[in-house]
Amino acid sequence: SVAAEIARLEPERIIVAGGPGAVSAAVVTALRGLVDDPAKVVRLGGANRYETSRLLIDDAFGTAATAFVATGRNFPDALAAGAAAAAVGGPVILVNGLASLADGDTRALIDELEVETLYVAGGVGVVSAALAADLATIPGAVERLGGADRYETSLEINRAVFSTATTAYLATGTGFADALAGAALAGTQSAPLYTVRRTCIPDDVHTHFRTIEVDALTLLGGTGVLTAAVANRARC
């Protein structure tokens, strides 16, 4: 099904995100068989997830006035930031959230992007206070967007970025796949993506729907990840 979709899209370029430990050489070979020029398939993979993150950003962005930083040790906050970052034309930079200092390559990337506003996605439990303080020494404004849990963090991110939106996307906050796939779609529509519980939508998220005038919801994934109760806008 993926091969058929790539054939339908007729991409000018295919980017493989991650090294061979994440996406095998066999997959890359198969992708090269789907295009007229194998050079159109490019792997961007570093020694670890943080280097891969930087390589992808270097490839996609010249400058970015706004960027997000999220821990690479877990997925929820980076996923919540994905659609919001796309809406403002900025990247999500993965960092080791438990570190006390930003590494030199990350600092250099933020400087090269000429970031004016840097959002830290998540509370101090995922991106340490020391790391956030160190990031604040880089020229530009730094603001933390973090709640008591992954769902509140998702809401805080969307509150910071979206003042209006007709459509919103919902994805489970306990798995990465649907939000990861859906963030690109939401980003193209400048729409927010909220991570929510399997059986209900938090009350504060309902309030935000009204505030920004959302009138349509798209649920990402089947009923095994978001039940019919979510489709019926059950509250929690």
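Which side chain meets Asp134 in a salt bridge? The side chain of Arg107 does, at 3.2 Å from N to O. The views below come from a predicted model.

**View 1. Asp134 and Arg107 join two helices.** Asp134 sits in helix H6 (residues 129-135), and Arg107 sits in helix H5. The two residues are 27 residues apart, so this pair links distant parts of the chain. Asp134 is buried, because its relative accessible area of 14% falls under 20%. Arg107 is partly exposed, with a relative accessible area of 27%. Side chains of opposite charge can pair when their charged atoms come close.

**View 2. Arg54 and Asp105 form a salt bridge.** Their side chains meet at 3.5 Å, N to O. Arg54 belongs to helix H3, while Asp105 belongs to helix H5 (residues 104-113). They lie 51 residues apart in the chain. Arg54 counts as buried, at 13% relative accessibility. Asp105 counts as partly exposed, at 48%. Asp103 joins in too: Arg54, Asp103 and Asp105 are linked in a network of salt bridges.

**View 3. Arg13 pairs with Asp59.** The closest N and O atoms of this salt bridge are 2.9 Å apart. Arg13 is in the loop between helix H1 (2-9) and strand S1 (14-17). Asp59 is in helix H3 (residues 49-60). This pair also links distant parts of the chain, 46 residues apart. Both ends are partly exposed: Arg13 has 40% relative accessibility, and Asp59 has 32%. Across the whole structure, a search finds nine salt bridges.

**View 4. The largest nonpolar core has 27 residues.** Those with the most contacts inside this core are Phe68, Val92, Ile157, Leu170, Tyr194, Ile201 and Phe209. Several helices and strands give two or more residues each, including strand S3 (66-71), helix H7 (150-161), strand S7 (167-172) and helix H9 (203-212). Helix H4 gives the largest share, five residues. In soluble globular proteins, nonpolar side chains tend to be buried together.

**View 5. Val92 and its contacts.** Which residues touch Val92, leaving aside its neighbours within four places in sequence? Val92 is in contact with Ser53, Ile57, Phe68, Ala70, Ala78, Ala81, Gly82 and Ala85. Phe68 and Val92 are both among the residues with the most contacts inside the largest core.

Note on methods: Residues numbered from 1 in each chain as written. Predicted model: local features only at pLDDT ≥ 70, side-chain atom pairs only at ≥ 80, totals over all residues. Heavy atoms only, no water. Salt bridge = Lys/Arg side-chain N within 4 Å of Asp/Glu carboxyl O. Helix = DSSP H or I, 4+ residues; strand = E, 2+ residues; numbered from the N terminus. Buried < 20%, exposed > 50% of the residue type's maximum accessible area, 1.4 Å probe, protein only. Core = buried A, V, L, I, M, F, W, Y, C linked by side-chain atoms within 4.5 Å. Contact = heavy atoms within 4.5 Å.
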